[in-house]
Amino acid sequence: MTAHPALALAAAIADRLAHPDTADLGPRTATADRQNLAYGLPGIALLHIERAAAGMGPWQRAHDWLAAAARQPFTSGPDSHPFYGTPALAHALSCAAENLPGSYQRALDKLDAQMIADVRRRLDAAQRRLDARLAPALAEFDVIRGLTGYGAYLLHRDASSTALRSVLDYTVQLTQPINDRGETLPGWWSETGPSGRPDERFPGGHANAGVAHGVGGVLALLALAARQGTLVDGHRDAMRTILAWLDRWQAESDRGPVWPYWVTRAELRDGALAASAPRRPSWCYGTAGLARAQQLAALALGDTTRQLAAENALVAALTDPVQFKAITDNGLCHGFAGLAHVAARTAADAHPSAVARLRAAIPALLTTVCPLGTGPADVAMAITQDADAGPGFLNGATGIALALMAPATATPPRSAWDACLLIA
């Protein structure tokens with residue numbers, strides 16, 4: 001049987017990244033971003049771990065990348081975060097270990113201890129901020145740099161852990177409103193711009209809706225934890241608070257509902273979103289990631305009406321030529337391959353009435369990444385040699401290859417590589 005072109009492309013990318021000593025990594029991946037899950041060696045290891053777990057590649061490749069990643073010390077403590085340093089290596093090792101019982105256990109025990117210490121330190125700082133009734137920085141709570149990202153790791157490692165419950169307690173508190181000079185703001189309001197730095201385009205700050213940096217990721221963590229049976233006081237109410245806020249700021253396109261990347265202070269005061277050009281649906285921001293987060297929350301709450309609404313919103317986003325045109329790359333974070341993976345994960349949990357429509361949207365996404373008539377080897381060469389995207393996980397070749405596998409095979413990943421994204 002001939003492999004699906006997208007699956008052949010994933011294999012060709014993996015072959016071009018077969019060994020850390022021979023792969024063309026570029027200077028950033030090999031040096032400045034070595035410890036970064038998004039751009040560095042741990043992310044590339046995830047590709048070979050998933051392929052080995054699925055019986056599509058040798059485990060030796062995964063071992064080689066993990067060994068290369070661990071060859072130099074990894075940053076821990078205040079200078080690390082879920083996508084950088086010790087947590088990045090821990091995620092990759094845990095994905096390998098769950099498929100190779102007994103392997104990497106001593107290293108994982110040390111990394112887990114460091115992770116829990118970092119979580120406790122971060123929670124203490126967050127509690128001081130909460131007690132002072134101040135607005136949080138995005139890096140306090142988001143998926144990439146903050147406590148929601150640590151929660152994703154803890155949920156994957158041990159859904160019953162005390163540390164996870166402490167993070168969930170924190171996220172519940174995060175949904176409580178704060179008062180700023182007489183104005184009521186959502187508890188996840190940030191006084192900066194979306195970059196986490198002061199931004200004159202966001203006077204008075206913003207409420208971030210995205211999965212990567214905003215309350216969409218918080219919702220996904222709460223929902224996934226609830227689906228695994230780990231709930232804390234106020235858990236369901238916190239999900240409902242976020243869902244109600246998303247309902248409040250839902251807009252309509254010609255095809256269906258869409259959600260903003262963020263809400264500014266001016267929009268909050270006006271009670272309406274400012275007009276803007278169509279924005280791309282993606283995992284990190286916009287309708288795709290938020291539709292998946294809302295589907296997961298609806299499943300956790302037993303709300304079939306909301307589940308169907310979320311699934312229909314994703315179908316609309318994936319079949320809307322206007323939104324489709326706004327997508328400009330193939331990457332996992334905000335490109336065509338990432339959308340295909342989100343669609344496949346959503347379809348796997350979808351209501352029977354939505355499954356066929358979600359799956360029908362996937363082939364066009366895969367064809368865009370690997371156009372008909374092109375050779376997988378040629379496309380793999382172009383992708384791996386893209387100097388801007390690089391070979392890494394979040395935007396580059398590794399993430400594209402990983403994101404193609406589940407849609408191309410119609411089977412879920414064999415490892416938990418996407419647990420760090422809170423997609424599943």
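**Note on cavities, a pocket and salt bridges**

1. The model is a predicted one, in which local features need pLDDT of at least 70 and side-chain atom pairs count only at pLDDT 80 or more, while totals for chains, interfaces and linings use all residues. Residues are numbered from 1 along each chain as its sequence is written, and side-chain values use heavy atoms, with hydrogens and water left out.

2. The space in this largest cavity comes to about 110 Å³, a volume being the space filled by probe spheres set on grid points that are joined across faces, edges and corners. Helix α8 (147-157) and helix α5 (86-97) each supply at least two lining residues, and α8 gives the most, with 5 residues; helices here are DSSP runs (H or I, at least four residues), strands are runs of E (at least two), and both are numbered from the N terminus. The lining divides into 11 nonpolar, 3 polar and no charged residues, where Ala, Val, Leu, Ile, Met, Phe, Trp, Tyr, Cys and Pro count as nonpolar, Asp, Glu, Lys and Arg as charged, and the others, Gly among them, as polar.

3. The second largest cavity has a volume of about 40 Å³, and its lining includes V211, W283, R292 and I423. Helix α13 (residues 287-301) provides the largest share of that lining, 3 residues.

4. The largest pocket holds about 500 Å³ of space, a pocket being an open set of points with protein on both sides within 12 Å along at least five of seven lines. Of the 24 residues that line this pocket, V258, S276, A277, P278 and R279 are the closest to its centre. By class, the pocket lining has 12 nonpolar, 6 polar and 6 charged residues.

5. The structure holds 16 salt bridges, each a side-chain nitrogen of Lys or Arg within 4 Å of a carboxyl oxygen of Asp or Glu. One of them joins R121 to D118, with the closest N and O atoms 3.8 Å apart, and both residues lie in helix α6 (residues 105-131), 3 residues apart, about one turn of the helix. R121 counts as partly exposed at 32% relative accessibility, whereas D118 counts as buried at 3%; buried means under 20% relative accessible area, exposed over 50%, and partly exposed in between (1.4 Å probe, protein chains only).

6. R201 pairs with D199 in another salt bridge, at 2.7 Å between the closest N and O atoms. Salt bridges that share partners also join D180, R181, E183, R265 and R269 into one network.

Key. 1 Å grid on protein atoms, 1.4 Å probe; cavity = no way out; pocket = protein on both sides within 12 Å on 5 of 7 lines; lining within 4 Å.
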